[in-house]
Amino acid sequence: MPGFEFWGAEERKQLNDVMETGILMRYGFDGARKGVWKAKELEEAICKTFGCKHAQLVSSGTAALTTAMCALGIGYGDEVILPSFTFVASFEAVLSVGAVPVFVDVDDTLTLNPDAVRNAVTSKTKCIMPVHMCGSMADLDALQSICREHKLILLEDACQSIGATYKGKMLGTIGDAGTFSFDFVKTITCAEGGAVMTNREDIFTASDGYSDHGHDHKGTDRGADLHPFIGYNYRISELHAAVGLAQIKKLDDFLAIQKKNHVALKNILATVPEISFRRIPDPVGDSCTFLSWMLPTEEITRAVVAEMKVEGILPGNFYWFDNNWHYIRKWDHLKNSVTLNALSDELKTAVMHHANKDFSASDAIMSRCVSTAIGLLWTDEQIKQKGEAMVNIIKKVMSEQTVSA
Ligand SMILES: *Cc1c(COP(=O)(O)O)cnc(C)c1O
């Protein structure tokens, strides 16, 4: 999955361009930087590669979500609908703007169940935030029609699905805004970094200012910038952007390798009739960073995961149901609203209410699901070995289950 598997001369060359001038900051120092503007260049490359009008680089995917929410005017009194299966960053960002994260169930797409979303809409709902988990997409047509019906904002968390498409459009460019993460384990990496993408100029201008203290970036004298609103600092550095520039040029290659390795592994697992696969709303658009598969029951899945651990092939296979980072079941800090500083009583009560709802519909999917991260460096032989080892374990567990039943 991650771009760090392909670190090389291209990244070093881009970094050296910045080291030569010593201008590590993305703004100002126009003369001294001798025409080297890595962050700007990467923003242009993002627009071109993903087909959006505007891109604002920031320091992380989490910062991108917060920046996008501020730019979209999401804040106090607003509810944001998001899935029970995501990364903690998604709800952290909602809380960072003072809004209420309203979690709803996922379905066998591993993303928002549109019916659950519809049931969760209230007069306070401002935004639907699908999270395109594990390289593939939410059912965007269904979500867009809910947004239209209730006049809601669509903000795509596409941090994990760089290069995936839905009906021919890149994920992250379809909603009012979308975000990418370029952290170290994402499809392409800057070490740390993120982007807000949008086709709306107002959202872009707000993101550009917000991520740099509200500076209006209108003139060439940075010190004379005015502040049309209060901002924050989520800037990316030139060093990080330089790495990203090298990586974005490799994206097509990464995606081609992922797709090839994904198909090869899937073909092996598909020989087991009890395995089903994640439903993908637009299968050709899958970026194939993961292969997500399901077994008939939680008991069987747990036994397979345990056996994979014994056999030493668990690394790279994720059983999200027990995972502290990605699934609501283990988010005790959220369920108890443990924060370092005080939240308003109103927000605290709402957070705890929404985090402690019944997610048995999500449990029914997530307890049977394993996602296998697709390696970029795997050889055909390694895929075969890995796939066959997985198949053998699953068959063994299935036969034991049949015997004990
Ligand atoms: C990685 C990730 C983020 C946050 O990105 P960082 O760059 O690590 O802050 C947000 N949402 C999802 C779904 C992610 O996987």
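In helix α7 (residues 201-210), the buried residues are Ile203, Ala206, Ser207, Asp208, Gly209 and Tyr210, where buried denotes under 20% relative accessible area, exposed over 50% and partly exposed the range in between, with a 1.4 Å probe and protein chains only. Helices (H or I, at least four residues) and strands (E, at least two) are DSSP runs, numbered from the N terminus. The structure is a predicted model, in which local features need pLDDT of at least 70 and side-chain atom pairs count only at pLDDT 80 or more, whereas totals for chains, interfaces and linings use all residues. Residues are numbered from 1 along each chain as its sequence is written, and side-chain values use heavy atoms, with hydrogens and water left out.

The buried residues of α7 pack against β1 (54-58), α3, β8 and β9 (194-198), contact being defined as heavy atoms within 4.5 Å. Strand β8 (residues 177-181) includes serine 181, which is buried at a relative accessible area of 4%. A polar atom of the serine 181 side chain lies 3.1 Å from the backbone nitrogen of aspartate 183. When neighbours within four places in sequence are left aside, serine 181 is in contact with Gly61, Cys159, Ile162, Lys186, Ile188, Gly193 and Gly194.

Valine 131 is placed in the loop between β4 and α6 (140-150) and counts as buried, with 3% relative accessibility. Apart from its neighbours within four places in sequence, valine 131 is in contact with Pro83, Thr86, Ser90, Thr111 and Asp157. Between valine 131 and asparagine 341 there are 210 residues of separation in sequence and 27 Å in space, C-alpha to C-alpha.

The chain is divided into domain 1 (3-251) and domain 2 (253-404), with bounds that come from an automatic or database domain assignment. The centres of domain 1 and domain 2, taken over C-alpha atoms, are separated by 25 Å. In the interface, 47 residues of domain 1 are in contact with 45 residues of domain 2. The size of an interface is often given as the accessible area lost when the parts come together. For domain 1 and domain 2 the buried area is about 3800 Å², of which 64% is on carbon and sulfur atoms; this area is what two parts lose in accessible area (1.4 Å probe) on being put together, summed over both.

Across the interface of domain 1 and domain 2, two salt bridges are found by the rule, which requires a side-chain nitrogen of Lys or Arg within 4 Å of a carboxyl oxygen of Asp or Glu. A salt bridge is formed by arginine 279 and aspartate 107, with the closest N and O atoms 3.5 Å apart. The rule also finds 24 residue pairs in polar contact across the interface of domain 1 and domain 2, both residues being at pLDDT 80 or more. A polar contact is a pair of N or O atoms within 3.5 Å; within protein, one must be able to donate a hydrogen and the other to accept it, and residues adjacent in sequence count only if both atoms are side-chain atoms. On the side of domain 1 that touches domain 2, at least two residues each are supplied by α4 (88-96), β3 (100-104) and β6 (165-166), and β3 gives the most, with five residues. The residues of this side divide into 24 nonpolar, 15 polar and eight charged, where Ala, Val, Leu, Ile, Met, Phe, Trp, Tyr, Cys and Pro count as nonpolar, Asp, Glu, Lys and Arg as charged, and the others, Gly among them, as polar.

The structure as a whole holds 22 salt bridges. One of these joins glutamate 10 to lysine 250, the closest N and O atoms being 3.2 Å apart; because glutamate 10 lies in helix α1 (residues 9-21) and lysine 250 in the loop between α8 (238-248) and α9 (251-269), the pair ties together parts that are 240 residues apart in sequence. Glutamate 10 is partly exposed at 44% relative accessibility, whereas lysine 250 is buried, with a relative accessible area of 11%.

A salt bridge also links arginine 302 and aspartate 322, whose closest N and O atoms are 2.8 Å apart. Arginine 302 belongs to helix α10 (residues 298-310) and aspartate 322 to the loop between β12 (317-318) and α11 (332-335), 20 residues apart.
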